[in-house]
Amino acid sequence: MSASQIPNLNTLRRGGGRGRFRARGGPDSSSSSGHKDRVVQGTDNDASVSRLSAVELGYLEDPFARALTPMGQEMRRLPIINRGTYVRTTAIDQLVASFLGLKADSDPTWKAKRKQIISLGAGSDTRVFRLLSLRPALDIIYHEIDFAVNNTAKIKAIQGTPLLQRALGQSQVNISDEGDELHSPAYHIHAVDLRTLAQKGKGDESTERDPGRRLQDFVDTTLPTLLLSECCLIYLSPNDAAGVVRYFTHTLFPASQETETLALVLYEPIRPDDAFGRTMVANLATRGIQLQTLHQYASLGAQRQRLREHGFNDGQAAADVDFLWERWVAEEEKERVAALEMLDEVEEWKLLAQHYCVAWAWRDGRTRFTGWRDLDNQPAEE
């Protein structure tokens, strides 16, 4: 594979680049920053196509993938991209299942608790529908935060797709007049500019139209909560990315013995300074996409330190996709995946997989969370 053919971030990921930057009243779309926002927002189609490619080839089971992929966008991805989508999705699914108490060995007391997930830059992500389909056995509230344009597309898909409506159940669903927010007892879509939350995370005073206030009206701060960021924070400046996390760890969920467990899962690229990493960054730059925090959190060790600095002191870990494929996927499952299509580019696969990572961490409150303590299959810190 030549350098110019090295797949970029947008053909591998699912949760990132989904226009989470602006809500109503955000930066002027005619400005240069507005243009950059639109570039990032548009990558959601790449993400949904990658997911659908992996589903239709048998890597993943996801009955909602086609409903949330725009018509005319279907195409088959390269084998290494399909495998990357598979590993990232299944690894995060394992972490989410453990947090929700869905594993066979989950603590019964923890399993019985109602829980909450807040997904940053969710875009066309299907995880919410897969989880809501498990009700009533699973008691969960799911929040998605993204740019109004992407929210509008998702809400229109929900309105026009009985399959998605059935996943929501029979509960009342309210949609905003603008069509960019949806609220129901178990599922909320918020049109919120994460950069405004970052300012609140830095301690700035809120305003009358502050979207953070709207968010606080719906988020239940008494529940064990998992934050998901699949290639979302990396598009913010380092200060804003840190401010967003601080908003949740200090403003919404301040640490104390009276609060519940708060956990965070990140999926991001790493290692930008070797030959592969430099080419990856250059390929993205040709599309006008900048990974603003990449050099600050360039290694597994830097990702873990980042989580410590945000107060996730009860446990933190990080592993690249290559490690997750080798250690988290059972041999029988590896054989099944390998039989789906020929993978000639084994060396390229390893290079690609070593440049993306999953990091996870948690902070206990009045309840101890043990679901991730047994996940000791992780590489040594760099």
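Is Cys 232 buried or exposed? In this predicted model, Cys 232 counts as buried, because its relative accessibility is 0%.

**Cysteines**

The structure holds 0 disulfides. Cys 231 takes part in none, and the nearest cysteine sulfur, which belongs to Cys 357, is 9.0 Å away. For Cys 232, the closest cysteine sulfur is that of Cys 231, at 9.1 Å, which is too far for a bond, since a disulfide requires a pair of cysteine sulfur atoms within 2.5 Å. Cys 231 is likewise counted as buried, because its relative accessibility is 0%. In the chain, Cys 231 sits in the loop between β6 (225-230) and α10, and its phi is positive, at about 55°, although the residue is not a glycine.

**Helix α10**

Helix α10 covers residues 238-252, that is 15 residues, and it reaches 20 Å from its first C-alpha to its last, which is close to the 21 Å expected at 1.5 Å a residue. Its course includes a kink of about 35°, centred on Arg 246.

Helix α3 has 22 residues and reaches 31 Å between its first and last C-alpha, close to the 32 Å expected at 1.5 Å a residue. Because 20 of its 22 residues are buried, α3 is largely enclosed by the rest of the structure. The helix is followed by Gly 101, whose phi is positive, near 75°.

The structure holds 1 cavity of 30 Å³ or more, and the largest cavity has a volume of about 30 Å³. Its lining is made up of Tyr 59, Pro 79, Arg 83, Val 337, Ala 338, Glu 341 and Leu 343. The elements that contribute two or more residues to this lining are α3 (79-100) and α14 (331-338). By residue class, the lining divides into 5 nonpolar, no polar and 2 charged residues.

Met 342 is placed in the loop between α14 and α15 (346-353), and it counts as exposed because its relative accessible area is 63%. Although Met 342 and Ile 80 are 262 residues apart in sequence, their C-alpha atoms are 9.7 Å apart in space.

**Backbone features in loops**

The peptide bond from Arg 135 to Pro 136 is cis, with omega near 5°, and Pro 136 is found in the loop between α5 (127-132) and β2 (140-146). Arg 271, which is not a glycine, has a positive phi of about 55° and lies in the loop between β7 (262-269) and α11 (275-285). Arg 271 counts as partly exposed because its relative accessibility is 21%, and the cut-off for buried is under 20%.

The table gathers the residues with a stated accessibility.

| Residue | Relative accessibility | Class |
|---|---|---|
| Cys 231 | 0% | buried |
| Cys 232 | 0% | buried |
| Arg 271 | 21% | partly exposed |
| Met 342 | 63% | exposed |

Technical notes
Residues numbered from 1 in each chain as written. Predicted model: local features only at pLDDT ≥ 70, side-chain atom pairs only at ≥ 80, totals over all residues. Heavy atoms only, no water. Buried < 20%, exposed > 50% of the residue type's maximum accessible area, 1.4 Å probe, protein only. Helix = DSSP H or I, 4+ residues; strand = E, 2+ residues; numbered from the N terminus. Expected span 1.5 Å × (residues − 1). Bend = angle between axes of the 7 residues up to and from the residue. 1 Å grid on protein atoms, 1.4 Å probe; cavity = no way out; pocket = protein on both sides within 12 Å on 5 of 7 lines; lining within 4 Å. Points joined across faces, edges and corners; volume = space filled by probe spheres on them. Nonpolar A, V, L, I, M, F, W, Y, C, P; charged D, E, K, R; others polar.
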